[in-house]
Amino acid sequence: MNIAYWTVAGLLALFYFYSGAMKVARSRDQLRPMMAWVDRVPLPGVRALGAVEILGAAGLILPPLTGIAPWLAPAAAVGFVLLQIGAVAVHLTGEDRRIVLNAGLIAGAAVSGWLAVVM
């Protein structure tokens with residue numbers, strides 16, 4: 001279970017850290033080719049989502065690694081499930097109907113949360 005958690009959580013953390021860093025650092029024009037929805041969300045909202053993703057990535061890794069507040073890891077995983085449910089809603093209400101990645105991220109976050117509780 002320990003190896004499974006670190007594999008799933010590590011991959012999720014890498015994905016969300018990279019995605020969050022892009023949302024925080026890049027301009028709307030740089031994000032548009034990868035994220036069609038950025039034109040429908042105010043830029044401070046995009047930046048806030050990026051910050052939440054970076055903090056959530058840290059929440060998946062740091063608490064189990066340090067043993068301090070280990071309950072934060074499953075909380076971060078649940079937060080990512082909720083974030084992706086919102087992302088699916090945003091994609092489906094816009095012109096972008098590609099939600100396969102979002103579904104995979106929901107599944108990965110749910111598995112990560114379950115493994116964090118069992119661990």
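Which residues does Gly-59 touch, not counting residues up to four places away in sequence? In this predicted model, local features need pLDDT of at least 70 and side-chain atom pairs count only at pLDDT 80 or more, while totals for chains, interfaces and linings use all residues. Residues are numbered from 1 along each chain as its sequence is written, and side-chain values use heavy atoms, with hydrogens and water left out.

Gly-59 sits in helix H3 (helices are DSSP runs of H or I, at least four residues, numbered from the N terminus). Its contacts (heavy atoms within 4.5 Å) are Pro-64, Leu-72, Ala-73 and Ala-76. With a relative accessible area of 13%, Gly-59 counts as buried, which means under 20% with a 1.4 Å probe and protein chains only. Ala-9 is 50 residues from Gly-59 in sequence, yet their C-alpha atoms are 9.8 Å apart in space.

Ala-9 is also one of the buried residues of H1, along with Tyr-5, Gly-10 and Tyr-16, among others. The buried residues of H1 pack against H2, H3, H4 and H5.

Then there's the largest pocket, with about 560 Å³ of space. A pocket here is an open set of points on a 1 Å grid over the protein atoms alone, where a 1.4 Å probe fits, with protein on both sides within 12 Å along at least five of seven lines; lining residues have an atom within 4 Å of a point. The volume is the space filled by probe spheres set on the points, joined across faces, edges and corners. Of the 22 lining residues, Lys-23, Met-35, Trp-37, His-91 and Asn-102 lie nearest the centre. H4 supplies the largest share, six residues.

Methods
Helices (H or I, at least four residues) and strands (E, at least two) are DSSP runs, numbered from the N terminus. Buried means under 20% relative accessible area, exposed over 50%, partly exposed in between (1.4 Å probe, protein chains only).
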